[in-house]
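Please look over the sequence and the structure before reading on.

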Amino acid sequence: MNTDPDCIFCKIIAGEIPSFKIHEDSETFAFMDINPANEGHALVIPKEHARDVYSVSDSAISATVKTAKKIAAAVDKTLNPDGLNLLQCNGPAAAQSVMHFHMHVLPRRNGDDLKLNWGLEAGDMDAIGQLAERIRDNL
Ligand code: 5GP
Ligand code: ZN
């Protein structure tokens, strides 16, 4: 399995850096975020090192999403939040700070005002349609 000796999350998986582990299986690892955006903020990572959504393997991302579902249910049962985001960031503009693919399991509270929501404002339908075509062309 591909790992990176300089990667902080690979070190957490290897036990070289301590973590509050929630779950581990052959493909994934889940642990508490030590800078929680909200109480119960957890992270789920594939054991295989990959930087982002562009490079993660199909099997690693599938296993990670499956584990995130399991962790989300456990967090929901434990804390009974008002909502929960599954969030995944790629690149600096998307606020990715650790370059090992990960999913945030982020419980939400009414009015917590976390800065990752946006209001609904109707877009330009012609522009949206054209963009859909350009993206389809790149599939
Ligand atoms: P990103 O900003 O890349 O989407 O998320 C990285 C997350 O990893 C952040 O929420 C940050 O708090 C968390 N993090 C960074 N270093 C460590 C660490 O050493 N241990 C744990 N448990 N979380 C970490
Ligand atoms: Zn890594």
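This is a predicted model: local features need pLDDT of at least 70, side-chain atom pairs count only at pLDDT 80 or more; totals for chains, interfaces and linings use all residues.

## The strand pair

Strand β1 covers residues 21-24 and strand β2 covers residues 28-32. The two strands run antiparallel, and three bridges join them. Within this pairing, Glu 24 has Phe 29 in β2 as its bridge partner.

## A salt-bridge network

The count of salt bridges in the model comes to five. Some of the residues involved form a network: Lys 21, Glu 24 and Lys 47 are linked by salt bridges.

## Other salt bridges

Arg 108 and Asp 112 meet through their side chains in a salt bridge, at 2.8 Å from N to O. Arg 108 has a relative accessible area of 10%, so this residue is buried.

Lys 115 and Asp 113 form another salt bridge, with the closest N and O atoms 3.1 Å apart. Both Lys 115 and Asp 113 are exposed.

A salt bridge also links Arg 51 to Asp 52, where the closest N and O atoms are 4.0 Å apart. Is Asp 52 buried or exposed? Asp 52 counts as buried, because its relative accessibility is 11% and the cut-off for buried is under 20%. Arg 51 is partly exposed, with a relative accessible area of 46%.

Technical notes. Residues are numbered from 1 along each chain as its sequence is written. Chains are lettered from A and ligands numbered from 1 in the order in which they are written. Side-chain values use heavy atoms; hydrogens and water are left out. Two strands pair if DSSP finds at least two bridges between them. Helices (H or I, at least four residues) and strands (E, at least two) are DSSP runs, numbered from the N terminus. Buried means under 20% relative accessible area, exposed over 50%, partly exposed in between (1.4 Å probe, protein chains only).
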